Amino acid sequence: MLKILVSGCLGGAPIRFNETGVPVASPIWQRWASEGRLVSLCPELAVGFPVPRPPAEIVGGSAADVLDGRAHVHEASGRDVTELFQAAAQRAVDKALQADVGLAILVEGSPTCGSTYVHDGTFSGVTVAGRGVAAEALRRRGIPVFPHYDLDRAAAALADQERQHGNG
């Protein structure tokens, strides 16, 4: 049975930068939880960020650029936290590989976990298409990443993987 890496704040744990969580009300989520598939990780907490913490955004490029050393992650104060975000991404990949995950369900909009959009680096609330640093690192390792609101598509992808690998 393949596992699913999930952002630690999904399910409602109040560990996001602003001390909130993201509830997930879905029969799919409940089934996965009851099957013991969910592997919860907040990559930011795993590398020592506190709760609450200052908002952070990718500046000067994409998550891929952050991983490749061409862009940075800054807090709203201007503090460069790129190395911590790179370490957080590596923690997510390590956890995914150790747990034999088939895919990841990550919270949208985060500079770590966003899978389809992130903030634009200006701290003005504007979003742009793109991924967070951990989402990009997981994708590079061949681990599909889905936003937390697209569980139907994620469930179909997981079922396909299990059929292909005989893990169903």
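Predicted model: local features only at pLDDT ≥ 70, side-chain atom pairs only at ≥ 80, totals over all residues.
Which backbone oxygen lies 3.0 Å from a polar atom of the side chain of arginine 53?

Residues are numbered from 1 along each chain as its sequence is written, and side-chain values use heavy atoms, with hydrogens and water left out.

Back to the question: the oxygen belongs to proline 50. A polar contact here is a pair of N or O atoms within 3.5 Å; within protein, one must be able to donate a hydrogen and the other to accept it, and residues adjacent in sequence count only if both atoms are side-chain atoms. Arginine 53 sits in the loop between helix 2 (43-46) and strand 3 (56-59). Helices (H or I, at least four residues) and strands (E, at least two) are DSSP runs, numbered from the N terminus. Arginine 53 is buried, at 7% relative accessible area; buried means under 20%, exposed over 50%, partly exposed in between, with a 1.4 Å probe and protein chains only. Leaving out residues up to four places away in sequence, arginine 53 touches Ile15, Arg16, Phe17, Cys42, Glu44 and Leu45, contact being heavy atoms within 4.5 Å.

Now strand 1, residues 3-7. Of its 5 residues, 4 are buried. Strand 1 pairs in the parallel sense with strand 5 (residues 101-106) over 4 bridges, and pairing takes at least two DSSP bridges. Isoleucine 4 has leucine 103 as its bridge partner in strand 5. Strand 1 also pairs with strand 2 (residues 38-41), parallel, over 4 bridges; there valine 6 is partnered by serine 40.
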